[in-house]
Amino acid sequence: MPKATAKSDLPSKPCAHCHRPMTWRKAWAKNWDAVLYCSDRCRAEAKRARQGLPTSAATTS
């Protein structure tokens, strides 16, 4: 049985919105170059920022 790949050996890149590192996932295998955001929340907040609307972090205070 082949050994599993260590998570530290997988490629990673920063999220375009929150800048946290995101590690490659099998679901992203076909479009890893096009993946920009780590989550739907980051995608939505980036869209709000582009439109000039306040983000959810600013409105929860």
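Biologist: Which backbone oxygen does the side chain of Lys-13 reach, and at what distance?

Modeller: The Lys-13 side chain reaches the backbone oxygen of Trp-32, at 2.5 Å. Please note that the model is predicted: local features need pLDDT of at least 70, side-chain atom pairs count only at pLDDT 80 or more, and totals for chains, interfaces and linings use all residues. Residues are numbered from 1 along each chain as its sequence is written, and side-chain values use heavy atoms, with hydrogens and water left out.

Biologist: Understood. Where does the charged end of Lys-13 sit?

Modeller: It sits over the ring of Trp-32, 4.5 Å from the ring centre. The criterion is NZ of Lys or CZ of Arg within 6 Å of the ring centre and within 35 degrees of the ring normal.

Biologist: Is Lys-13 buried or exposed?

Modeller: Lys-13 is buried, yet it has no salt bridge. Buried means under 20% relative accessible area, exposed over 50%, and partly exposed in between (1.4 Å probe, protein chains only). A salt bridge requires a side-chain nitrogen of Lys or Arg within 4 Å of a carboxyl oxygen of Asp or Glu. The nearest side chain of opposite charge is Asp-33, 5.3 Å away; Lys and Arg count as positive and Asp and Glu as negative, while His and the chain ends are not counted.

Biologist: In which element is Lys-13 found, and what does it touch?

Modeller: Lys-13 is found in strand β1; strands (E, at least two residues) and helices (H or I, at least four) are DSSP runs numbered from the N terminus. Setting aside neighbours within four places in sequence, Lys-13 is in contact (heavy atoms within 4.5 Å) with Arg-20, Pro-21, Met-22, Trp-32, Asp-33 and Val-35.

Biologist: Changing topic, how many salt bridges are there?

Modeller: There are two. Arg-43 and Asp-40 form one, at 2.6 Å from N to O, and Glu-45 and Arg-41 form another, at 3.2 Å.

Biologist: Where is His-17 placed, and what else does it touch?

Modeller: His-17 lies in the loop between β1 (12–14) and β2 (21–23), and it is partly exposed at 26% relative accessibility. Besides Glu-45, it touches Tyr-37, Cys-42 and Ala-46, not counting residues up to four places away in sequence. The C-alpha atoms of His-17 and Tyr-37 are 6.6 Å apart, although 20 residues separate them along the chain.

Biologist: What is the phi of His-19?

Modeller: His-19 has a positive phi of about 65°, although it is not a glycine. It belongs to the loop between β1 and β2 and is exposed, with a relative accessible area of 58%.

Biologist: Finally, what pattern does the chain follow, and what percentage of its residues is buried?

Modeller: The pattern along the sequence is β-β-α-α, that is, two strands and two helices. Buried residues make up 16% of the 61 residues. Of the contacts with a separation of 6 or more, 9% join residues 24 or more positions apart.

Key:
A polar contact is a pair of N or O atoms within 3.5 Å; within protein, one must be able to donate a hydrogen and the other to accept it, and residues adjacent in sequence count only if both atoms are side-chain atoms.
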